[in-house]
Amino acid sequence: MKKAGQRGSGAAGRDRTSGGVDRRGALRAPPLRPGPDPSNPLHTRPIEFVGSFPDAGVSVDPALPEIAFIGRSNVGKSSLLNALVGRPGLARTSGSPGKTTLLNFYRMPGFYLVDLPGYGFARASKGARAGYRKLVTAYLRTRSSLAGIVWLLDIRHQPSADDLEMQELLAESGCPVLAVFTKADKLTRSTQPVRARQLAEALGLREDQVQLTSSQSKLGITELAATIVAAAGGES
Ligand code: GDP
């Protein structure tokens with residue numbers, strides 16, 4: 001097999017969209033291409049949007065294990081979901097944060113991904129906050145098919161009062177929780193592990209209870225996908 005940049009390897013050196021050797025002879029990495037990643041077990045499975053529901057007791061057919069995603073509004077939940085399943089337009093990214101108090105169900109073979117509404121939206125009314133609390137508390141406390149919770153926190157920020165309140169609710173649910181730190185690309189490579197350790201410590205979590213991710217650079221996405229498949233009882 002020819003190495004990128006060797007003579008005869010097609011457009012290398014001419015085509016600026018592929019990897020190879022540029023005019024000055026420097027090696028260039030190929031750009032990150034969107035598209036399925038065969039090593040990501042969620043990219044290789046079909047996914048279907050089931051619906052948006054206002055009721056924590058909704059019965060979905062068939063009943064399957066559910067993996068729920070929760071985090072503060074704007075934490076990067078929609079972007080993470082889209083990166084995880086490799087469909088950029090699946091979950092809508094922050095057009096109007098805090099507006100939806102619905103549970104969004106996506107079906108994959110053998111389990112559901114459930115996108116819970118984001119909390120802590122500063123401009124939400126008292127009524128909206130109460131409605132949110134009721135829906136999410138009922139879902140986390142009573143949903144017998146809940147197999148795992150992916151809890152998102154922005155790597156750059158200390159946990160907010162809302163985050164700590166959510167942590168209590170998650171602990172009460174008795175369900176396995178993985179804390180996912182988002183937007184790692186906003187920090188330098190050397191700061192990422194330091195900040196991840198600090199945040200884990202602030203939350204009283206062990207290293208194996210947290211996962212560092214970036215939807216932009218795709219850091220940690222394949223690992224998280226494998227964890228989700230395992231938590232749902234499937235094989236990756
Ligand atoms: P949600 O409200 O939790 O669903 O958050 P979104 O996915 O809509 O993201 C909120 C904002 O953060 C948007 O402007 C995204 O482009 C940005 N964002 C999300 N994930 C990342 C990431 O991994 N890296 C960077 N740099 N920005 C991100």
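Me: In this predicted model, what makes the largest nonpolar core a core, and which residues have the most contacts inside it?
Reply: A nonpolar core consists of buried nonpolar residues joined through side-chain atoms within 4.5 Å. The largest such set has 37 residues, and those with the most contacts inside it are Ile-70, Phe-105, Tyr-139, Leu-140, Trp-151, Met-166 and Phe-181. Helix H2 supplies the largest share of this core, five residues. A second, separate core of 26 residues includes Phe-69, Leu-113, Val-229 and Ala-232.

Me: Why is H2 called roughly parallel to H3?
Reply: The two helices pack at an angle of about 30 degrees, with their axes 9 Å apart. Angles under 35 degrees count as roughly parallel, so H2 is roughly parallel to H3. Among the residues making the contact are Tyr-132, Val-136 and Leu-140 of H2 and Met-166, Leu-169 and Leu-170 of H3.

Me: How do you know that the end-to-end span of helix H3 agrees with its number of residues?
Reply: At 1.5 Å a residue, the 13 residues of H3 (residues 161-173) should span 18 Å.

Me: What are the buried residues of H3, and why are they said to lie on the same side?
Reply: Asp-163, Met-166, Gln-167, Leu-169 and Leu-170 are buried. They cover an arc of only 170 degrees around the axis, which puts them on the same side of H3. The face turned away from that buried side carries the exposed residues Ala-161, Glu-168 and Ala-171.

Key: Residues are numbered from 1 along each chain as its sequence is written. This is a predicted model: local features need pLDDT of at least 70, side-chain atom pairs count only at pLDDT 80 or more; totals for chains, interfaces and linings use all residues. Side-chain values use heavy atoms; hydrogens and water are left out. Helices (H or I, at least four residues) and strands (E, at least two) are DSSP runs, numbered from the N terminus. The expected span of a helix is 1.5 Å times one less than its number of residues. Buried means under 20% relative accessible area, exposed over 50%, partly exposed in between (1.4 Å probe, protein chains only). The arc is that of the directions from the helix axis to the C-beta atoms. Axes are lines fitted to C-alpha atoms, for helices over the stretch in contact, and angles run from 0 to 180 degrees between N-to-C directions. Angles under 35 degrees count as roughly parallel, over 145 as roughly antiparallel, 65 to 115 as roughly perpendicular and the rest as oblique. Contact means heavy atoms within 4.5 Å.
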